[in-house]
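Let's take a walk through this fold, starting with the whole chain and then zooming in on a few side chains.

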Amino acid sequence: MKLALLGYGRMGKEIEKIALERGHEIVIKSNGEEDYDITKADVAIDFSIPTSAFNNISNCINNAIPVVSGTTGWLDKYDNAIELCKEKKGAFIYASNFSLGVNIFFALNEKLAAMMNSQNQYNVDLEEIHHTKKLDAPSGTAITLAEGIIDNSTKQKWELDGEVNKGIIPIKAIRTPDVPGTHTVNYNSEVDSVEIKHTAHNRKGFALGAVVAAEWLIGKEGIYSMRDVLNIG
């Protein structure tokens with residue numbers, strides 16, 4: 001496939017490496033400053049910055065190019081992207097994390113939240129650790145985890161650096177050099193703790209998942225998730 005990389009930072013370069021290994025061609029590499037013709041590509045992968053993501057996605061959809069986005073921090077315009085995709089009969093996948101392991105972790109998190117919902121002695125909180133160059137906090141993955149708990153419990157919202165509260169999920173965001181991403185969900189009571197954790201060792205898993213998603217999306221119409229790509233129930 002002919003691939004457009006919208007965002008050519010560390011993730012974009014890792015995606016390029018994986019895509020070339022899988023026999024694909026990179027026809028566009030953009031950091032948002034260059035002029036390019038998106039119609040040269042069969043599919044686009046957006047790992048840009050929050051202020052560029054919506055424009056990148058809209059440009060793809062308006063030109064009938066399937067687009068996969070892993071950029072976080074732009075979701076205030078997510079509904080606009082969905083509406084545009086429906087209007088133009090486009091193809092779009094957004095994921096806060098493309099790793100196979102993380103998407104299994106998402107499903108496990110939801111199942112655990114439903115099981116813990118009747119155990120009122122536990123309070124839940126989240127912690128995420130990323131490299132110092134990550135622009136948004138909390139991470140998109142942490143937000144997805146929090147939303148998974150909210151959908152399967154009586155929790156009402158999440159708060160960055162919030163206080164432990166029966167209706168709130170506090171999220172702690174830590175930035176330290178050279179950490180690809182670690183996410184922990186903690187349930188604590190007076191007598192014990194239950195914890196699930198995902199640790200990324202490098203960016204290869206994210207890059208591979210994004211390329212697999214792009215391969216899967218070609219020829220389709222609609223809005224999808226990594227659960228569709230990986231057939232995770």
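Of the contacts in the protein chain with a separation of 6 or more, 65% join residues 24 or more positions apart; contact here means heavy atoms within 4.5 Å. Before going further, some housekeeping: this is a predicted model, where local features need pLDDT of at least 70, side-chain atom pairs count only at pLDDT 80 or more, and totals for chains, interfaces and linings use all residues. Numbering runs from 1 along each chain as its sequence is written, and side-chain values use heavy atoms, with hydrogens and water left out.

The protein chain has seven helices and eleven strands, taken as DSSP runs (H or I, at least four residues, for helices; E, at least two, for strands) and numbered from the N terminus. As for overall size, a compact globule of 233 residues would have a radius of gyration near 17 Å, and the chain's 18 Å agrees with that. That radius is taken over C-alpha atoms, and the globule rule is 2.2 Å times the number of residues to the power 0.38. Buried residues make up 49% of the 233, where buried means under 20% relative accessible area, exposed over 50%, and partly exposed in between (1.4 Å probe, protein chains only).

Now zoom in on phenylalanine 105, which sits in helix H4 (residues 100-116). It counts as buried because its relative accessibility is 5%. Which residues does phenylalanine 105 touch, leaving aside its neighbours within four places in sequence? They are Leu145, His183, Val185, Ile196, Lys197 and His198.

Next, the charged pairs. The structure holds six salt bridges, each a side-chain nitrogen of Lys or Arg within 4 Å of a carboxyl oxygen of Asp or Glu. One of them joins arginine 22 and glutamate 215 at 2.9 Å, N to O. Arginine 22 lies in the loop between helix H1 (10-21) and strand S2 (25-30), and glutamate 215 in helix H6 (residues 204-217), so this pair ties together parts 193 residues apart in sequence.

Finally, arginine 175 and glutamate 128 form a salt bridge, with their closest N and O atoms 2.8 Å apart. This one links strand S8 (residues 168-175) to strand S6 (residues 123-130). Arginine 175 is partly exposed at 25% relative accessibility, whereas glutamate 128 is buried at 0%.
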